[in-house]
Amino acid sequence: MTGHRGQRIYLHPLNNENEKFLEFLWKDLTSGKPAPPRKMIVMGHEFPVQRSVDGFAFFDFSGLCEQSLGAVDYQEIGKEYHTVFIRGIPQMTLNQKTEARRFILLIDELYNHKVRLLCSAAAEPFSLFVTEDSSSPSHLPFNSFSGEEEFMFRRTASRLNEMQTAEYWASCQRKK
């Protein structure tokens, strides 16, 4: 999928080549400016932003979705940044239901705030949520989740696809 000058911006699978390309995109979009880490403080708690400069932010999936963050935290990210990079989005199974719900909230807020997203992920959007069987993973994830969860997963995958299009990128307004 492409969004920035026709370049791939949803990078999968997780491998060294895609991680290097994500770093290249960061340097390209930020013009190589120094981007120190910082902490966002929302309602008295803080969480790390690995790099931040001129409306661009770089996060690891673990820092966003494996911590006790919620919609209000993700809303602040959406208000503060026009472009967000996320490294290391895994495939999520029933064992990562909490992380999956946080990821869904995060994507909802980034989408609602028209934030540009560049990321590295283990799989394509519709394959991020999987059931796990010891013999083989199923890429038909919805048979072990509730109807509401199935809807949320499908909506998130659809939004991830849309957020990678040139049309979505063109519709995003740059924040300060």
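Biologist: What makes the length of helix 5 agree with its number of residues?

Modeller: In this predicted model, helix 5 has 17 residues, and at 1.5 Å a residue they should span 24 Å. The end C-alpha atoms of helix 5 are 24 Å apart, so the two values agree.

Biologist: Which residues of helix 5 are buried, and how do you know that they line one face?

Modeller: The buried residues of helix 5 are Glu 149, Met 152, Phe 153, Thr 156, Ala 157, Arg 159, Leu 160 and Met 163. Viewed along the axis of helix 5, their directions fall within an arc of 160°, so they line one face of the helix. Gly 147 and Phe 151 are exposed on the other side of helix 5.

Biologist: What covers the buried residues of helix 5?

Modeller: The cover includes helix 4 (97-112), strand 9 (116-121) and helix 6 (166-171).

Biologist: Why is the pair Glu 150 and Arg 154 called a salt bridge?

Modeller: The closest N and O atoms of Glu 150 and Arg 154 are 3.2 Å apart. The cut-off is 4 Å between a side-chain nitrogen of Lys or Arg and a carboxyl oxygen of Asp or Glu, so the pair qualifies. Glu 150 and Arg 154 are 4 residues apart in helix 5 (residues 147-163), which puts about one helical turn between them. An α-helix has 3.6 residues a turn, so residues three or four places apart point the same way.

Biologist: Why are Glu 150 and Arg 154 called partly exposed?

Modeller: Glu 150 has 27% relative accessibility and Arg 154 has 39%. Buried means under 20% and exposed means over 50%, so a value in between counts as partly exposed.

Biologist: How many salt bridges does the structure hold, and which one links distant parts of the chain?

Modeller: The structure holds 12 salt bridges. One of them joins Arg 51 to Glu 23, with the closest N and O atoms 2.7 Å apart. This pair links distant parts of the chain: Arg 51 is in strand 6 (residues 51-53) and Glu 23 is in helix 1 (residues 16-29), 28 residues apart. Arg 51 and Glu 23 are both buried.

Biologist: What makes Lys 79 and Glu 76 a salt bridge?

Modeller: The N to O distance between the side chains of Lys 79 and Glu 76 is 3.5 Å, and the cut-off is 4 Å. Both residues lie in helix 3 (residues 71-80), 3 residues apart, about one turn of the helix. Glu 76 counts as partly exposed because its relative accessibility is 26%.

Biologist: How do you know that strand 4 and strand 5 pair?

Modeller: Between strand 4 (residues 38-42) and strand 5 (residues 45-49) there are 5 bridges. Pairing needs at least two, so the strands pair. They run antiparallel, and Met 40 stands opposite Phe 47 in strand 5. The two strands form a hairpin with 2 residues between them. In the turn, Met 43 has a positive phi of about 50°.

Biologist: Where is Thr 165 found, and what makes it partly exposed?

Modeller: Thr 165 is in the loop between helix 5 and helix 6. Its relative accessible area is 26%, so Thr 165 is partly exposed. A polar atom of the Thr 165 side chain lies 3.1 Å from the backbone nitrogen of Tyr 168. Thr 165 and Ile 9 are 156 residues apart in sequence, and their C-alpha atoms are 9.2 Å apart in space.

Key: Residues numbered from 1 in each chain as written. Predicted model: local features only at pLDDT ≥ 70, side-chain atom pairs only at ≥ 80, totals over all residues. Heavy atoms only, no water. Buried < 20%, exposed > 50% of the residue type's maximum accessible area, 1.4 Å probe, protein only. Expected span 1.5 Å × (residues − 1). Arc of directions from axis to C-beta. Contact = heavy atoms within 4.5 Å. Polar contact = N/O pair within 3.5 Å; in protein donor to acceptor, adjacent residues only side chain to side chain.
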